[in-house]
Amino acid sequence: MKKIILTLSITFFITTNVFAAGSSSSGSSSTKTNYDKAVVHIKSAKKYEKKGKLEKAQKSYAKAQKLLIKSNEKKPGKADTLNYLGFTTRKLGDFENGEKYYLQGLAIDPKHKGINEYLGELYVATGRHNLAVERLGVLEGCNCEEYDQLKAVIAGEKSKY
C-alpha cells in the first residue's frame, strides 16, 4: 500500500510540474512588447493607406505612436523604436517632431537603413533635397531596398509609404 501511495504521489508531482512548466512558458512567449504591438499597427496602417482608407490608417498610426512612446520611455536608446517613432509622427503630419526622433536614432546608429531612408523622405517632403541626397549617400553601397526607395523619391516618384 505504501508503494502505491508513493508511486501515485511521485506521478502526481511530476505531472503537475510538467503541466506547470508547459503553461508558464507558453504564456510568456505570447506576451508582446509595446514595440511589437506598434509594429502590428504600422503594418495595418500601411495596408489601409494602400487601399485608400486614410482615416483608418491615421488611427493605426496614432495607436502605434502611443505604444512606441511607452516603449521608448521603458527602454530608451533603441534606434528601431526611434525610427518608427519618427515614421509614425511624420505620417501623422508632425514633420518637426518626426525629424527629432529620426535624428535621435541616428545619434545611436548613424548607418540605420530605415532611419536614413525615412529621414531622406521627410527632407524631400519638406523641400530640403540637399539633405535627402546626404541620407542617400549614407545608404550608398548598402545594396538595399532603402537606397532604391529613397533614390526613387528624390527623383520625384511617390513614396511607397
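**Close-up views of a predicted model**

**View 1. The disulfide of C142 and C144.** C142 and C144 are joined by a disulfide, with their sulfur atoms 1.8 Å apart. The coordinates shown here and in the views below belong to a predicted model. A search of the whole structure finds one disulfide. The link of C142 and C144 is left-handed, with -60° about the S-S bond. The two cysteines can also be described by their accessibility. C142 has a relative accessible area of 25% and is therefore partly exposed, whereas C144, with a relative accessible area of 9%, is buried.

**View 2. Helix 8 and its buried residues.** Helix 8 spans residues 145–154, and its buried residues are Y147, Q149, L150, A152, V153 and I154. An α-helix has 3.6 residues a turn, so residues three or four places apart point the same way. Helix 8 is followed by G156, a residue with a positive phi, near 110°.

**View 3. The crossing of helix 5 and helix 6.** Helix 5 comprises residues 95–108 and helix 6 comprises residues 113–125; their axes come within 10 Å and cross at roughly 150°. Because angles over 145 degrees count as roughly antiparallel, helix 5 is roughly antiparallel to helix 6. The crossing of helix 5 and helix 6 is left-handed.

**View 4. Residues in the contact of helix 5 with helix 6.** On the side of helix 5, the contact involves F95, G98, E99, Y102, L103, G105 and L106. These residues meet I115, N116, Y118, L119, L122, Y123 and A125 in helix 6. Taken together, the residues of the contact of helix 5 with helix 6 divide into ten nonpolar, three polar and one charged.

**View 5. H112 in the loop between helix 5 and helix 6.** The loop between helix 5 and helix 6 contains H112. H112 counts as buried because its relative accessibility is 10%, and buried means under 20% relative accessible area. Not counting residues up to four places away in sequence, H112 touches A79, D80 and N83.

Definitions and conventions
Residues numbered from 1 in each chain as written. Predicted model: local features only at pLDDT ≥ 70, side-chain atom pairs only at ≥ 80, totals over all residues. Heavy atoms only, no water. Axes fitted to C-alpha atoms, helices over the stretch in contact; angles between N-to-C directions. Helix = DSSP H or I, 4+ residues; strand = E, 2+ residues; numbered from the N terminus. Parallel < 35°, antiparallel > 145°, perpendicular 65-115°, else oblique. Left-handed = near helix turned anticlockwise from the far one by under 90°. Contact = heavy atoms within 4.5 Å. Nonpolar A, V, L, I, M, F, W, Y, C, P; charged D, E, K, R; others polar. Buried < 20%, exposed > 50% of the residue type's maximum accessible area, 1.4 Å probe, protein only. Disulfide = S-S within 2.5 Å.
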